[in-house]
Amino acid sequence: MRRRLVLGTTLAVGLASGLAAGQAHAGMWLSSPDLAADGTLTASQAWDRDGCGGKNLSPALRWGGEAPTTKSFALIIMDADVKKGFRHWMVFNIPAGVHSLAAGAGAADGKALPKGAVQALNDFGPKGYGGPCPPPGQTHRYVFTLYALNKDTLDLNPDQPAGALESLVLTHALDKGRLLAKSPRFEGAPEKTAEKAKPTDEKPAPKAEPATSAPKPAPGKTPAPAAGDTPK
């Protein structure tokens, strides 16, 4: 009995000290009301270029249960089915008091983000959110990871690729919540090509007839010289 009590006390003290030090715990969660019931992203969240026909609107996100020592958040969306990963969105310096992002917050201008939050370049190239665009006939998995950080502000250059910034985010991570989604390819409208001239049944307009020659003079009369002509 005494041994059980000592072990229980030791475990409780260890867990309490771990949380006080900011170590990860299992309470953090991340969810989205914009995903289908089976976790599939919709066409609205898909990429809107390179043959994909989405609207490129980032989904709404909600989270909670972070470590009590959290000072800010960072979000990274990764395509898990691309070798070495493909980052679709990275946001950092999200204030600790914020627990949601509105749909469309990933627009390149960043106007819908919380004050102070900064977006990095995604692996498509532009800044902000870049929706799913897997190869034709494939469905890919997308991992949304929200990191609770021990620093209020990360001094990062947002013009660097997201991959170069991810390692610094990880060094300050206290905790994380994950959301797994999937997406097929949503094909865009085929590009319009110039229409070829269609054959027509109309007959071509008749050619203009050449001007008729001047009437021949009556017998016995000499025609008057044209203006500018000098009679020989």
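Guide: Let's start with two residues. Trp-63 and Phe-73 are both buried. Keep in mind that this is a predicted model.

Visitor: What angle do the ring planes of Trp-63 and Phe-73 make?

Guide: The planes are at 70° and the ring centres are 5.6 Å apart, so the pair counts as edge-to-face.

Visitor: Which strands do Trp-63 and Phe-73 lie in?

Guide: Trp-63 is in strand E2, and Phe-73 is in strand E3. The pair therefore ties together parts that are ten residues apart in sequence.

Visitor: How many aromatic pairs does the structure hold?

Guide: Four. One of them joins Phe-86 and Phe-124. Their ring centres lie 5.0 Å apart with planes at 70°, so this pair is edge-to-face.

Visitor: And where do Phe-86 and Phe-124 lie?

Guide: Phe-86 lies in strand E4. Phe-124 lies in the loop between strand E6 (118-119) and E7. The two are 38 residues apart in sequence, so the pair ties together parts with that separation.

Visitor: Is Phe-124 buried or partly exposed?

Guide: Partly exposed. Its relative accessible area is 28%, and buried would need under 20%.

Visitor: Which residues form a cluster with Phe-124?

Guide: Trp-47 and Phe-86 do; with Phe-124 they form one aromatic cluster.

Visitor: Which residues touch the most other members of the largest nonpolar core?

Guide: Leu-61, Trp-63, Trp-89 and Phe-144, in a core of 24 residues. Strands E2 (61-64), E3 (72-79), E4 (86-95), E7 (139-149) and E8 (173-184) each supply at least two residues of this core. E7 gives the largest share, four residues.

Visitor: What lies apart from that core?

Guide: Another core, of twelve residues. Ala-74, Met-90, Leu-149 and Ala-162 are among them.

Visitor: New topic. How many helices and strands are there?

Guide: Two helices and eight strands. Along the sequence the pattern is α-β-β-β-β-β-β-β-α-β.

Visitor: What share of the chain is buried?

Guide: Of its 232 residues, 36% count as buried. The accessible surface comes to about 14,900 Å², and 57% of that belongs to carbon and sulfur atoms.

Visitor: Last one. What share of contacts comes from residues 24 or more positions apart?

Guide: Those account for 74% of the contacts in the chain with a separation of 6 or more.

Terms used. Residues numbered from 1 in each chain as written. Predicted model: local features only at pLDDT ≥ 70, side-chain atom pairs only at ≥ 80, totals over all residues. Heavy atoms only, no water. Core = buried A, V, L, I, M, F, W, Y, C linked by side-chain atoms within 4.5 Å. Buried < 20%, exposed > 50% of the residue type's maximum accessible area, 1.4 Å probe, protein only. Contact = heavy atoms within 4.5 Å. Areas by Shrake-Rupley, 256 points an atom, 1.4 Å probe, with all protein chains shown as cover. Phe/Tyr/Trp six-rings, centres within 6.5 Å; stacked < 30°, edge-to-face > 60°.
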